Amino acid sequence: MAGGEFTMTAGNIKDFKGSKSGAVFMQDGTFSMTNGLIDNCSGIENGAIYMSGGTFGISGGAISNCAGAQNGGTIKGNSATSDGGAIYLTDGAFNMTAGKVEANISQGGNGAGIYINNGTVSLTGGEVTGNDAMTGKGGGFYVAGGNVTLSKGTISSNKAKTAGGGICLEGTSSTSIVSMNVNGCTLTENEATEGNGGGIFLSNSEMTYNGGLLTLNKASYNQIADFTTGYQADAGSVKGIGGGIYISGNSKLTFGDFSSLGVYANTADVSADDLFANGNNTSLLLPNIEEMSLLGYAGNADGLGWYEDYFKPKRI
C-alpha cells in the first residue's frame with residue numbers, strides 16, 4: 001500500500017511469499033483488520049507485515065503461520081530470516097486493541113513478535129505470546145527506536161536466545177536512548193534461553209513500569225558457568241542473569257503504581273532472580289514491597305524484601 005484505505009472483514013490471504021514481507025507491505029494509507037485470516041505468509045527479510053508508513057490496526061481476525069503485526073485477531077506462526085517475525089515497523093503507527101501475535105519466529109535476527117525501528121506502537125489489549133527469536137533478542141518485542149506504550153495486555157511465553165525473552169529495549173548509543181511506558185501489563189513465563197533478562201532487557205534505554213504483573217520469567221544458562229567472583233566487572237560476560245529484568249549501561253527503570261504491582265517468582269540460573277542492574281549511568285528505583293499488591297502471590301508475604309543473591313554456586 002502506498003496510500004488509500006483497506007478494510008479486511010473476511011476471507012483469507014494465504015501462502016504468499018515476498019521480499020520485504022509475506023502478506024502486507026505499507027508505505028502509507030490505512031489498513032484495518034476486523035476479521036479474516038492472514039496465514040502461512042513469509043518474507044525473505046521480514047515476516048507478515050512490513051511498515052514504513054501509514055496506520056495498521058487489528059481488532060479481529062488472525063495473522064497466522066507467517067513471518068514478519070496487530071490490533072485484534074491472531075498473528076500466528078509467521079517467520080522471518082532476519083528481524084520482525086510477525087511485524088517490522090520502521091515508521092507509521094501500529095495499534096493493537098485485541099487478538100494475538102502468536103508463535104512467530106525470527107530465525108536470524110531480533111523481534112520475533114514485533115520489531116520496532118521507528119514509528120508509534122500502542123498495545124491496549126490482546127496478547128503477544130509464544131514468539132521465538134531463535135538466535136537473537138526480544139522474543140515478544142524488540143525496540144530500537146520510536147514511541148511505544150503497552151497497556152493492559154499480556155506478554156507471555158516468548159523466548160529469545162541472547163536477551164529479553166519478553167521485551168528488549170536497545171538504543172544504539174548513550175546519546176540515542178529508546179523509551180517505553182508499560183502500564184498495567186502482565187509479563188509472565190518469558191525466557192532468555194541462553195542469555196540475560198528473561199522478562200525484560202534494557203540497554204541505552206528508559207522504561208517506566210506502572211502497575212501490572214512481572215512473574216515466572218527466567219534467564220537460563222545450561223552450560224557450566226565459568227566464573228569465580230560476583231563483582232560487577234564479571235557480569236557482562238556471564239549469562240543467565242536477571243530472571244525478571246536485566247538493566248545494563250545508560251539505562252533507567254522506574255516503577256510506579258505500587259498498589260497494583262507484583263514483581264516476584266522470577267528465576268535466573270546464575271544470579272539475580274528478579275532484578276539486576278549493572279553498568280555506568282544505570283538507575284533503578286525499586287518498588288516498595290510493603291506497598292505492592294503482589295498480584296496473585298501464593299506464598300507468605302510476611303518478611304518479604306529485596307535481597308542480594310549474588311552469583312550462584314558453579315555447576316559441574
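**Tyrosine pairs and a buried leucine**

Tyr115 counts as buried, with a relative accessibility of 8%. In this predicted model, Tyr142 is buried too, its relative accessible area being 6%. The structure holds 6 aromatic pairs, and Tyr115 and Tyr142 make up one of them, a stacked arrangement with 5.1 Å from centre to centre and 20° between the planes. Tyr115 sits in strand β14 (residues 114-116) and Tyr142 in strand β18 (residues 141-143), so their pairing ties together parts that lie 27 residues apart in sequence. Tyr88 also comes into the picture: ring pairs link Tyr88, Tyr115 and Tyr142 into a cluster.

Then there is the pair formed by Tyr264 and Tyr297, which is edge-to-face, at 5.0 Å centre to centre and with 80° between the planes. Here, too, distant parts of the chain are linked: Tyr264 belongs to strand β30 (residues 252-264), while Tyr297 falls in the segment after β33 (283-285), 33 residues apart. As for accessibility, Tyr264 is buried at a relative accessible area of 10%, whereas Tyr297, at 29%, counts as partly exposed.

Leu169 is found in strand β22 (residues 167-170) and has a relative accessible area of 0%, so it counts as buried, the cut-off being under 20%. Leaving aside residues up to four places away in sequence, Leu169 touches Val143, Val178, Ser179, Met180, Phe201, Leu202, Ser203, Ser205, Glu206 and Met207. Phe141 is 28 residues from Leu169 in sequence, and their C-alpha atoms are 8.2 Å apart in space.

Notes
Residues are numbered from 1 along each chain as its sequence is written. This is a predicted model: local features need pLDDT of at least 70, side-chain atom pairs count only at pLDDT 80 or more; totals for chains, interfaces and linings use all residues. Side-chain values use heavy atoms; hydrogens and water are left out. Helices (H or I, at least four residues) and strands (E, at least two) are DSSP runs, numbered from the N terminus. Buried means under 20% relative accessible area, exposed over 50%, partly exposed in between (1.4 Å probe, protein chains only). Contact means heavy atoms within 4.5 Å. Rings of Phe, Tyr and Trp (its six-membered ring) pair if their centres lie within 6.5 Å; planes under 30 degrees apart count as stacked, over 60 as edge-to-face and the rest as tilted.
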